[in-house]
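Morning, everyone. Please look at the model on the screen while I talk. I'll start with one residue, then move to the interface.

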Protein chains: 2
Amino acid sequence: MTSEGARPGSRGVTKLSRKPVRGGDGARLTIRLDFGERGALGPGKIRLLEMIEETGSISAAGRAMAMSYRRAWILVDSLNTMYQAPVVETQHGGQRGGGARLTLLGKALVARYRAIEAGAEAAMRADIKAIERELA
Amino acid sequence: MTSEGARPGSRGVTKLSRKPVRGGDGARLTIRLDFGERGALGPGKIRLLEMIEETGSISAAGRAMAMSYRRAWILVDSLNTMYQAPVVETQHGGQRGGGARLTLLGKALVARYRAIEAGAEAAMRADIKAIERELA
């Protein structure tokens, strides 16, 4: 599987951010994007992609998220068919006995998702704080 | 691992999801607010509150969301203790044999949550569209 032709989009790939988005006294905003029949993108899939990039392995990423190997593979497969090009590429054999990493498209996807999350939090900070103030 | 042509299965369309926030060609953004030990607020609880307001009953709201009566009550109870004052108030007896409605705080909470969702979608529309363009 090759990532050739996978275009990250018009903007440059930014560094993967794993820091939770925080607002107010520690409220965390997470987002979910639903594309109808074309699929959905939420915190679980994005975190899995980040962990694949970090560990270089789908199974290690799954383990780190207390997710079965099978479940992790199913999610990766659904992500790879959801986009115009794969977001994860795997290497079979070799020194490490096979590994996985994000394609440029995969990195761009994660960066953009995190940017949406951070931008949404920043834009709506005042309202998030207002909800927080009413907590017990 | 590729399954070319495989599309993410279409999820069951939720009849009750009204007024979805849309971006791009129909992407829907939903948010979740996590307040750590103080609780969390996501689409399920907010929808339940909206249905309570609409039906005037916790059990009817739960039924409309295919949720058990017990589950609906547990969620309402957790919401009522999560905030400084109740968000749902119940009337026992009376002509309708007891009912439920949102308090002013409950109405404000729902409105604010939906405002955050809509504001987040509007603020990040360009990035959401960029992700959509890369879908298969």
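First, a term: contact means heavy atoms within 4.5 Å. By that rule, and leaving aside neighbours within four places in sequence, B:Asn80 is in contact with B:Ala85, B:Pro86, B:Val87 and B:Val88.

Some ground rules. This is a predicted model, where local features need pLDDT of at least 70, side-chain atom pairs count only at pLDDT 80 or more, and totals for chains, interfaces and linings use all residues. Residues are numbered from 1 along each chain as its sequence is written, chains are lettered from A and ligands numbered from 1 in the order in which they are written, and side-chain values use heavy atoms, with hydrogens and water left out.

Back to B:Asn80. Where is B:Asn80 placed? In helix α3 of chain B, residues 69-82. Helices here are DSSP runs of H or I with at least four residues, strands are runs of E with at least two, and both are numbered from the N terminus. A polar atom of the B:Asn80 side chain lies 3.0 Å from the backbone nitrogen of B:Val88. That is a polar contact: a pair of N or O atoms within 3.5 Å; within protein, one must be able to donate a hydrogen and the other to accept it, and residues adjacent in sequence count only if both atoms are side-chain atoms.

Now the interface. Chain A puts 50 residues into the contact, and chain B puts in 44 residues. About 4300 Å² is buried between chain A and chain B, with 62% of that from carbon and sulfur atoms. Buried area is the accessible area (1.4 Å probe) that two parts lose on being put together, summed over both. In chain A, the residues losing the most area to chain B are A:Arg38, A:Ile131 and A:Leu135, together 16% of what that side buries.

How many residue pairs are in polar contact across this interface? The rule finds 14, both residues at pLDDT 80 or more. On the side of chain A that touches chain B, α4(A) gives the most, with 9 residues.

Next, the strands. β2(A) and strand β2 of chain B, residues 27-34, run antiparallel and are joined by 7 bridges. Two strands pair if DSSP finds at least two bridges between them. One bridge partner pair is A:Asp34 with B:Arg28 in β2(B).

Then charge. Side chains of opposite charge can pair when their charged atoms come close. A salt bridge is a side-chain nitrogen of Lys or Arg within 4 Å of a carboxyl oxygen of Asp or Glu. The rule finds 4 across the interface of chain A and chain B. A:Asp127 and B:Arg112 meet in a salt bridge at 3.7 Å, N to O. B:Asp127 forms a salt bridge with A:Arg112, closest N and O atoms 3.7 Å apart. B:Asp127 lies in helix α5 of chain B and A:Arg112 in helix α4 of chain A, so this pair joins two chains.
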